[in-house]
Amino acid sequence: DLHFLQGICYGIMADGDINKYELEMLKKWMDENEHLSATYPFNEIYEVVEEAIGKGKIDAEEYKHLVRYFKEFLKIE
């Protein structure tokens, strides 16, 4: 399941854009796989995604934070 999560994150990053719809679909998948909630990096990604969705929109600062976090998780330079 963690490899699947990694694939989802690659897909989100593939087009160079992170939008609210993608984050909502990611959160839905994560909610359905909550058995991973105590597992790194699932737990951290969940918090980051939930915070971004909670703000209602992805502003420039939130976007930079998400990109930086996904790149770190995916080990992309």
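Where is the place of Asn 33? Asn 33 sits in the loop between α2 and α3. Keep in mind that this is a predicted model, where local features need pLDDT of at least 70, side-chain atom pairs count only at pLDDT 80 or more, and totals for chains, interfaces and linings use all residues. Residues are numbered from 1 along each chain as its sequence is written, and side-chain values use heavy atoms, with hydrogens and water left out.

- Helices here are DSSP runs (H or I, at least four residues), just as strands are (E, at least two), and they are numbered from the N terminus.
- Asn 33 has a relative accessible area of 11%, so it counts as buried; buried means under 20%, exposed means over 50%, and partly exposed is in between (1.4 Å probe, protein chains only).
- Skipping residues up to four places away in sequence, Asn 33 touches Asp 1 and Phe 42, where contact means heavy atoms within 4.5 Å.
- Ile 18 lies in the loop between α1 (2-14) and α2 (20-32), and its 4% relative accessibility makes Ile 18 buried.
- Leaving aside neighbours within four places in sequence, the contacts of Ile 18 include Leu 23, Ile 58, Tyr 63 and Phe 70.
- Ile 18 and Lys 64 are 46 residues apart in sequence, yet 9.8 Å apart in space, C-alpha to C-alpha.

**Salt bridges**

- A salt bridge is a side-chain nitrogen of Lys or Arg within 4 Å of a carboxyl oxygen of Asp or Glu, and by this rule the count comes to four.
- One of them joins Lys 27 and Asp 31, at 3.0 Å from N to O.
- Both Lys 27 and Asp 31 belong to helix α2, four residues apart, or about one turn of the helix.
- With a relative accessible area of 19%, Lys 27 is buried, while Asp 31 is partly exposed at 32%.
- Glu 51 and Lys 55 form another salt bridge at 3.9 Å, N to O, and Lys 55 also pairs with Glu 62 at 2.8 Å, N to O.
- Put together, Glu 51, Lys 55 and Glu 62 make a network of salt bridges.
- In that trio, Glu 51 is partly exposed at 44% relative accessibility, and Lys 55 is partly exposed at 46%.
- Glu 62, though, has a relative accessible area of 4%, so Glu 62 is buried.

**A buried charge without a partner**

- Lys and Arg count as positive and Asp and Glu as negative, while His and the chain ends are not counted.
- Glu 22, found in helix α2, is buried but has no salt bridge, and the nearest side chain of opposite charge, Lys 20, is 13 Å away.

**A negative patch on the surface**

- Glu 44, Glu 47, Glu 50 and Glu 72 gather in a patch of negative charge on the surface.
- Patches are made of residues with over 30% relative accessible area and no salt bridge; like charges are joined within 9 Å, and nonpolar side chains (Val, Leu, Ile, Met, Phe, Trp, Tyr) within 5 Å.
- For these distances, the place of a charge is NZ of Lys, CZ of Arg, CG of Asp or CD of Glu.
- Accessible areas come from the Shrake-Rupley method with a 1.4 Å probe, and for residues only the protein chains shown count as cover.
- Helix α3 (residues 42-54) supplies the largest share of the patch, three residues.
- Glu 72 is in helix α4 (residues 60-74), and at 52% relative accessibility Glu 72 counts as exposed.
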